[in-house]
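I opened this notebook to keep track of what I looked up, one entry at a time.

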Amino acid sequence: MEALLTSRVVPVQVPCRKLSSLSADLSCLELRRYPVRRGSVSIMSYSRLVRPVTASVQPQRVSALGNEGNTVPSKEILDLWRGVEAVCFDVDSTVCVDEGIDELAEFCGAGKAVAEWTARAMGGSVPFEEALAARLSLFKPSLSKVDEYLQKTPPRLSPGIEELVKKLRANKRGLFLISGGFRQMINPVASVLGIPREYIFANNLLFGNSGEFVGFDENEPTSRSGGKAKAVQQIREARLYKTMAMFGDGATDLERRKPGGADLFICYAGVQLCEAVAGQADLLIFKFEPLLNSLD
């Protein structure tokens, strides 16, 4: 475990591609209103209503993978899924249809350059910590800009995720969000899904006395390559879970299968497809509904 903190993870390049673009016409989106408790994270507070949007995503054909072997769950995989004690979800392009840092950068006027770095980080061609620092240096979001973004941009949830989380909660499963994104942007998502903030493992933006951007908290395990696997290990050890499942779409999500990590890795490709990640997953899905229905 200590090695995860001190050794460098050699990245593996994984090509990823978006499966579809989302319509800018909000008439095709379902808009719902949810109350959010007043609270504070870092030095940001939220006193508004969060209005999450459930987006409609049309996935690519499975045949694009060239291997359909893990798109139909075996009895063993289904039994493992039905019996897991805890489920961890990636947030960007899994729980939500966006890459949060890309959307924030676009809002701040640096979208294209940051998106290129995000693609490299997702594929694993550069260490995650290097890509994170490089992206933030391109637009250095201030506290006021982040707060303005959060007030103007509701979370856009992947279709079926709310229903799946609700079902898992009813079945007494532990639910966690593990993300390379930022707590300031994930807290509203967690509030919508009813996931306590102490069950979030994510990065934290840091600001100075005048609200200027000064960096990110490098003590968060998710701020570096191998950090998501470390977070899963911490959850397992702290709560003594025997079996855990992990949903994600990128190379850093696949890392969670390291010893002591998740027992079941499910690649969600409803937003974008990383072929090497999908090929190594225990199960590849484009929609959450089949797994939701399997819990009945």
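The entries below go from the overall chain to particular helices and residues.

**Entry 1, the whole chain.** I note at the outset that this is a predicted model. I looked up the secondary structure and found 13 helices and 15 strands in the protein chain. The chain has 296 residues, and 54% of them count as buried. When I turned to contacts between residues at least 6 apart in sequence, I found that 69% of them join residues at least 24 apart.

I next asked at what angle helix α4 and helix α7 pack. Helix α4, residues 100–107, and helix α7, residues 143–152, pack at about 105°, and their axes are 10 Å apart. Since angles of 65 to 115 degrees count as roughly perpendicular, α4 and α7 are therefore roughly perpendicular to each other. The residues of their contact divide into four nonpolar, four charged and no polar ones. On the α4 side I listed Glu103, Leu104 and Phe107, which meet Lys145, Val146, Glu148, Tyr149 and Lys152 of α7.

I wrote down its buried residues as Phe128, Ala131, Leu132, Ala134, Arg135, Leu136 and Phe139. Just after α6, I found lysine 140 with a positive phi of about 40°.

I then looked up how many residues of helix α9 are buried. Helix α9, residues 183–193, is mostly covered, with 10 of its 11 residues buried. Among them are Arg183, Gln184 and Asn187, as well as Met185, Ile186 and Pro188. Just after α9, glycine 194 takes a positive phi of about 75°.

Serine 93 is not a glycine, yet I read a positive phi of about 60° for it. This serine 93 lies in helix α3, residues 91–95, and at 0% relative accessibility serine 93 counts as buried. Lysine 172, also a residue other than glycine, has a positive phi near 65°. I located lysine 172 in the loop between α8 (161–170) and β8 (174–182). Is lysine 172 buried or exposed? Lysine 172 is exposed, with a relative accessible area of 73%.

Definitions and conventions: Residues numbered from 1 in each chain as written. Predicted model: local features only at pLDDT ≥ 70, side-chain atom pairs only at ≥ 80, totals over all residues. Heavy atoms only, no water. Helix = DSSP H or I, 4+ residues; strand = E, 2+ residues; numbered from the N terminus. Buried < 20%, exposed > 50% of the residue type's maximum accessible area, 1.4 Å probe, protein only. Contact = heavy atoms within 4.5 Å. Axes fitted to C-alpha atoms, helices over the stretch in contact; angles between N-to-C directions. Parallel < 35°, antiparallel > 145°, perpendicular 65-115°, else oblique. Nonpolar A, V, L, I, M, F, W, Y, C, P; charged D, E, K, R; others polar.
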